Amino acid sequence: MSLPKDFVWGAATSSYQIEGSVGGGRGECIWHRFSHTPGKVVNNENGDRACDHLHLFRDDVALMKELGLHAYRFSTAWPRILPKGTGAINTEGLDFYDALVDSLLAANITPYLTLYHWDLPQALQDRGGWENPDSVQWFVEYTQIAAHRLGDRVKHWITHNEPVCTAFLGNLFGIHAPGKQDPQAAFRVAHHVMISHGAAVRALRAAVPDAQVGIAINMNGITPASDREEDLRAARTQDGFANRWFLDPAFRGTYPEDIVALLGNILDGLDLAAISEAAQPIDFMGLNYYQRNVFAYDAGGLYGIKEVRLPDVPRTAMGWEVHPQSLTDILVRLKDDYAPAAILITENGAAYDDPAPVDGLVNDPERIAYYDSHIKAVEAAVALGAPVTGYFAWSLFDNFEWAEATPNGLGSCMSISRRSNVHRRPARAFYSV
Ligand code: FCB
């Protein structure tokens, strides 16, 4: 391989998807409320137990060591540290992360900590959640507490995971918590999330001067259905909503003007100039990449866009198109358009229905082929000058895949640990039942 010797190889998870969200003094989060609302998650499953990482984390670190990981990306659960979101601290929660970090370091695995991977304290949602401008200060308070307790040992920090999902899946399409379908709410959320990113970067720098700080942004490949001008414009608009609406704030402190013009009064009441606060210098950009989508012009579609589902292309069990070339293209585009100091692939992976284990091992050739082609795509981007310094597989374990639930719900059979959790720990159900 042509990747540099000090390239970081890791795997990623998130708190609600693996920890088990009940117990340990943890407060309720929006995903608990959402998944316990009938009809929101496949099979009405939830993350109450998930992979029970809260109790089994030492075994899990041993597994990481056995896999040879250099680094582990996890998230802290805000309501485990601050059950009500602000104010009283749950010391048991902080002790848990403290012990996790110590066992990672003892195993020579570098922790990469994400502060927000979607489990907002429900108590804050009850106060308007990210729609409330106070959410910026709430996030700073939580960031400072985590940084003061863990910053002596954790030197790699990620503020937000996939702000587009927080804003749009949760508040525009309603398929993620808190399950709203309200365009104005969705853009208010995006605004405060991005401003809170900038504020958290400043708070982290103050608390942990030698920290490396970044944000994890997800991007899909976006291809126009044809070379026709309308299709090119539809793809460009899609890129504006899905990508530039978040990248421009983070790197330039501005919003893309073409999208502002399209949105019109949906943005009423927002101080758009305040987005300049989102653009703090960061040490790396995290890129989460999985799939490609194709877009065409459709006069009847929202903002003239429709997604075209190509037949006969390779897809994962979740229906996501396998398209490694898009990963190369995105990395080169990021270098050209935004010039991040460094890029980490903070998530990449694929869900497939694993066959039954043989001699304790799961033979998963499709997943291996996916990783092989995507890691080659990273190499190709590096050869073209993209500053990629590490790669985190999603995911270390099969886990609670949000609205798609569990492997039974065709959700996340995405484990790289060879002995998938499903088979390795039959007693450790992914679902609460
Ligand atoms: C990403 C999420 C992660 C997981 C993968 C499959 O969008 O960040 O939690 O759900 O997709």
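How far does a polar side-chain atom of Asn-161 lie from an oxygen atom of the ligand? The first legend has the answer.

This is a predicted model, where local features need pLDDT of at least 70, side-chain atom pairs count only at pLDDT 80 or more, and totals for chains, interfaces and linings use all residues. Residues are numbered from 1 along each chain as its sequence is written, and side-chain values use heavy atoms, with hydrogens and water left out.

**View A. Here are the ligand and its surroundings.** Twelve residues surround the ligand, counting a residue if one of its heavy atoms lies within 4 Å of it. The closest are Gln-17, His-117, Glu-162, Glu-401 and Trp-402. Back to the opening question: for Asn-161, a polar side-chain atom sits 3.0 Å from a ligand oxygen atom. Gln-17 also has a polar side-chain atom 2.8 Å from an oxygen atom of the ligand, and for Glu-401 that distance is 2.9 Å. These are polar contacts, meaning pairs of N or O atoms within 3.5 Å.

**View B. Helix α7 (residues 135–150) meets helix α9 (residues 183–207).** Helices here are DSSP runs (H or I, at least four residues) and strands are too (E, at least two), numbered from the N terminus. The two axes come within 9 Å and cross at roughly 30°, which makes α7 roughly parallel to α9. Axes are lines fitted to C-alpha atoms, for helices over the stretch in contact, with angles running from 0 to 180 degrees between N-to-C directions. Angles under 35 degrees count as roughly parallel, over 145 as roughly antiparallel, 65 to 115 as roughly perpendicular, and the rest as oblique. The crossing of α7 and α9 is right-handed (the near helix is turned clockwise from the far one by less than a right angle). Look for Phe-139 and Val-140 of α7, and Ile-195 and Leu-204 of α9, among the residues making the contact, where contact means heavy atoms within 4.5 Å. The contact residues split into ten nonpolar, six polar and no charged.

**View C. Helix α8 (residues 163–171) crosses α10.** Their axes come within 10 Å, at roughly 130°, so α8 and α10 are oblique to each other. This crossing of α8 and α10 is right-handed. Pro-163, Val-164, Ala-167 and Phe-168 of α8 touch Phe-241, Ala-242 and Phe-246 of α10. That gives seven nonpolar residues, with no polar and no charged ones, in the contact of α8 with α10.

**View D. Helix α10 (residues 229–252) also packs with helix α12 (residues 324–338).** The angle is about 45° and the axes are 12 Å apart, so α10 and α12 are oblique to each other. α10 passes α12 in a right-handed crossing. On the α10 side you'll find Asp-239, Arg-244 and Phe-251, among others, and on the α12 side Arg-333, Leu-334, Asp-337 and Tyr-338. The contact of α10 with α12 holds four nonpolar, one polar and six charged residues.

View E. Most residues other than glycine have a negative phi, and most peptide bonds are trans. From Ala-177 to Pro-178 the peptide bond is cis, with omega near 5°, and Pro-178 is in the loop between α8 and α9. Another cis peptide bond links Trp-394 and Ser-395, with omega about 15°; Ser-395 is in the loop between β11 (388–394) and α14 (421–424). Asp-52, a residue other than glycine, has a positive phi near 50° and sits in the loop between α2 (30–35) and α3 (53–67).

How values were computed:
Ala, Val, Leu, Ile, Met, Phe, Trp, Tyr, Cys and Pro count as nonpolar, Asp, Glu, Lys and Arg as charged, and the others, Gly among them, as polar. A polar contact is a pair of N or O atoms within 3.5 Å; within protein, one must be able to donate a hydrogen and the other to accept it, and residues adjacent in sequence count only if both atoms are side-chain atoms.
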